[in-house]
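Let's walk through this structure together, one region at a time. Keep the viewer open as you read.

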Amino acid sequence: MTGQNPLMGENLDDFGPRFPDMSKAYTPEYRATAHEVAKKLGIKLDEGVYIGVTGPTYETPAEIRAYKTLGADAVGMSTVPEVIVAAHSGLKVLGISCITNHAAGFQEELNHEEVVEVTERVKGDFKGLLKAILAEL
């Protein structure tokens, strides 16, 4: 939903094919490992559809309704371009996002302070999860 694609322009065949298959951009084995590690650590790990937008604003309630209609479970301003490039290059990919706030229309007010507070509160668990997953991979 960014209106852009990091692969636009001339393709560099040494990096990957012109039209990469994105149907399994996130490596299934890595996802399974992440779930196993999270379970051992007692950390709740959900899977869903992440929709990438350009930002840098929080979405309106109407945009959230539209994204939900499209199947999105979470909205963010990063991750998607990086995953496209990684998959294009034949890299194995695992995407993990820390959902820091409810979307517009699901809470009274959206603010950056809440995002920072949640990030600070969970960063220890998040770092521990990432380290444990990397140790398994």
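Predicted model: local features only at pLDDT ≥ 70, side-chain atom pairs only at ≥ 80, totals over all residues.

R18 lies over the face of F19, 5.9 Å from the ring centre; a charge counts as sitting over a ring when NZ of Lys or CZ of Arg is within 6 Å of the ring centre and within 35 degrees of the ring normal.

Residues are numbered from 1 along each chain as its sequence is written, and side-chain values use heavy atoms, with hydrogens and water left out.

Now step back to the overall layout. The protein has four helices and two strands, where helices (H or I, at least four residues) and strands (E, at least two) are DSSP runs numbered from the N terminus. Along the sequence they follow the pattern α-β-α-β-α-α. The C-alpha atoms fill a box of roughly 50 × 40 × 25 Å along the principal axes. Of the 137 residues, 23% are buried; buried means under 20% relative accessible area, exposed over 50% and partly exposed in between, with a 1.4 Å probe and protein chains only. Among contacts (heavy atoms within 4.5 Å) with a separation of 6 or more, 67% join residues 24 or more positions apart.

Why does H88 count as buried? Its relative accessible area is 7%, and that is under the 20% limit. Leaving out residues up to four places away in sequence, H88 touches L7, N11, L12, F15, G16, P17 and P20. V85, also in helix α3, counts as partly exposed because its relative accessibility is 35%. Beyond its neighbours within four places in sequence, V85 is in contact with P6 and L7. P6 is 79 residues from V85 along the chain, yet their C-alpha atoms are separated by 6.8 Å.

T79, in the loop between β2 and α3, has a positive phi of about 80° although it is not a glycine. With 21% relative accessibility, T79 counts as partly exposed. Just after α3, G90 also takes a positive phi of about 80°. Elsewhere, the loop between β1 and α2 holds P56, and the peptide bond from G55 to P56 is cis, with omega near 5°.

Next, turn to the open spaces. Rolling a probe the size of a water molecule over the atoms shows where empty space is left. Which space is counted as a pocket? On a 1 Å grid over the protein atoms alone, with a 1.4 Å probe, a pocket is an open set of points with protein on both sides within 12 Å along at least five of seven lines, and lining residues have an atom within 4 Å of a point. The largest pocket holds about 1300 Å³, the volume being the space filled by probe spheres set on points joined across faces, edges and corners. Its lining has 41 residues, and D46, Y50, G95, I96 and S97 are the closest to its centre. At least two lining residues come from each of α1 (28-41), β1 (50-52), α3 and α4 (112-136), with α4 giving the most, six residues. By class, the lining has 24 nonpolar, ten polar and seven charged residues; Ala, Val, Leu, Ile, Met, Phe, Trp, Tyr, Cys and Pro count as nonpolar, Asp, Glu, Lys and Arg as charged, and the others, Gly among them, as polar.

The second largest pocket has about 720 Å³ of space. Of its 28 lining residues, E59, A74, V75, I99 and N101 are the closest to the centre. Two or more residues of this lining come from each of α2 (61-69), β2 (74-76) and α4.

Let's finish on helix α4, where A132 is found. A132 is partly exposed, with a relative accessible area of 22%, and beyond its neighbours within four places in sequence it is in contact with V37 and L41. A103 is 29 residues from A132 in sequence and 30 Å away in space, C-alpha to C-alpha.
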